[in-house]
Amino acid sequence: MRRKAPASATNLAESVYRVLKSDIFEFRLLPGTGFSENEVAARARVSRTPVREALFRLEREGYVQVHAKSGWSVRPLDFELLDHLYDLRLVLETAAVQRLCATRPTPSLDGLARIWLVAPRGRLTDGARVARLDEEFHATLVESAGNPELGRVHQSITERIRIVRRLDFTHPERIVYTYLEHGQILRAVLARRSARAVQLLASHIEASKAEVRKISLHRLHLAHIDSRS
């Protein structure tokens, strides 16, 4: 009987990365919580090498931070900073939508229509998948405006708010609202109704910002209670 080949370092690092990221997203690792590479390695039953690779990847994505003498910690949630990033995101997306409405519709908008302008029975219900599609929706609007620098800055903001933004899709009703609101925004853009598109976009982003703050604070509160029990 042939022995199973050991998992590669890359696969081990990917596995550790996914577990840690899930722990952060689900608040099993609370913002501000400190931990060491040895602790992670012991829990995952791997060496420190794949753990370090996973942690540096999470650091690049903005989820954890390294400390010279005390190991690692989950980045604290800075709601004031998040509000500023959401505000900047609105400025960028508004500029993109205005440019889109002033030009001919691009083929990329047809792709968005196939995803978001569907009957209720054709909608996805998996929060993680809808979260990814939500990011792609807004990124496509910006990229379609034809300004690469606009897209670059927007992508940076997207990465920095991802940890809380995806909480918006943990409630089924938020998924429903996202389909409805994306559909309204897209129809307004395709009809070149700039003022209407901007108004809908602003309402959509403000609602998302308020919701993720509320959900984040609630999840943190529950997680702190669980950690004391």
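Analyst: Buried means under 20% relative accessible area, exposed means over 50%, and partly exposed lies in between (1.4 Å probe, protein chains only). This is a predicted model: local features need pLDDT of at least 70, side-chain atom pairs count only at pLDDT 80 or more, and totals for chains, interfaces and linings use all residues. Residues are numbered from 1 along each chain as its sequence is written, and side-chain values use heavy atoms, with hydrogens and water left out.

User: Is His 138 buried or exposed?

Analyst: His 138 has 0% relative accessibility, so this residue counts as buried. His 138 is placed in helix α6. Helices (H or I, at least four residues) and strands (E, at least two) are DSSP runs, numbered from the N terminus.

User: What does the side chain of His 138 make a polar contact with?

Analyst: A polar contact is a pair of N or O atoms within 3.5 Å; within protein, one must be able to donate a hydrogen and the other to accept it, and residues adjacent in sequence count only if both atoms are side-chain atoms. Here the partner is the side chain of Glu 93, at 2.6 Å. Plain contact means heavy atoms within 4.5 Å. Not counting residues up to four places away in sequence, His 138 touches Arg 89, Glu 93, His 154, Arg 165, His 182, Leu 201 and His 204.

User: How do I read aromatic pairs, and how many are there?

Analyst: A pair of aromatic rings is described by the distance of the centres and the angle of the planes. Rings of Phe, Tyr and Trp (its six-membered ring) pair if their centres lie within 6.5 Å; planes under 30 degrees apart are stacked, over 60 edge-to-face, and the rest tilted. By this rule there are three aromatic pairs. Phe 56 and Trp 72 have ring centres 5.2 Å apart and planes at 75°, so they are edge-to-face. Phe 56 belongs to helix α3 (residues 48-60) and Trp 72 to strand β3 (residues 71-74), so the pair ties together parts 16 residues apart in sequence. Phe 56 is partly exposed, at 31% relative accessible area, whereas Trp 72 is buried, at 2%.

User: Which pair has its centres 5.8 Å apart?

Analyst: That is Trp 116 and Phe 137, with planes at 75°, so this pair is edge-to-face as well. The pair links distant parts of the chain: Trp 116 is in helix α5 (residues 107-116) and Phe 137 in helix α6 (residues 127-143), 21 residues apart. Trp 116 is buried at 3% relative accessibility. Phe 137 is buried at 0%. Ring pairs join Trp 116, Phe 137 and Tyr 179 into a cluster.

User: Which residues touch the most other members of the largest nonpolar core?

Analyst: In soluble globular proteins, nonpolar side chains tend to be buried together. A nonpolar core is a set of buried Ala, Val, Leu, Ile, Met, Phe, Trp, Tyr and Cys residues joined through side-chain atoms within 4.5 Å. The largest one here has 62 residues, and Phe 35, Val 97, Leu 141 and Val 189 touch the most other members. Helix α4 (residues 79-101) gives the most to this core, with ten residues. Leaving aside neighbours within four places in sequence, Leu 141 is in contact with Ala 96, Val 97, Leu 100, Leu 109, Leu 112 and Ile 185.
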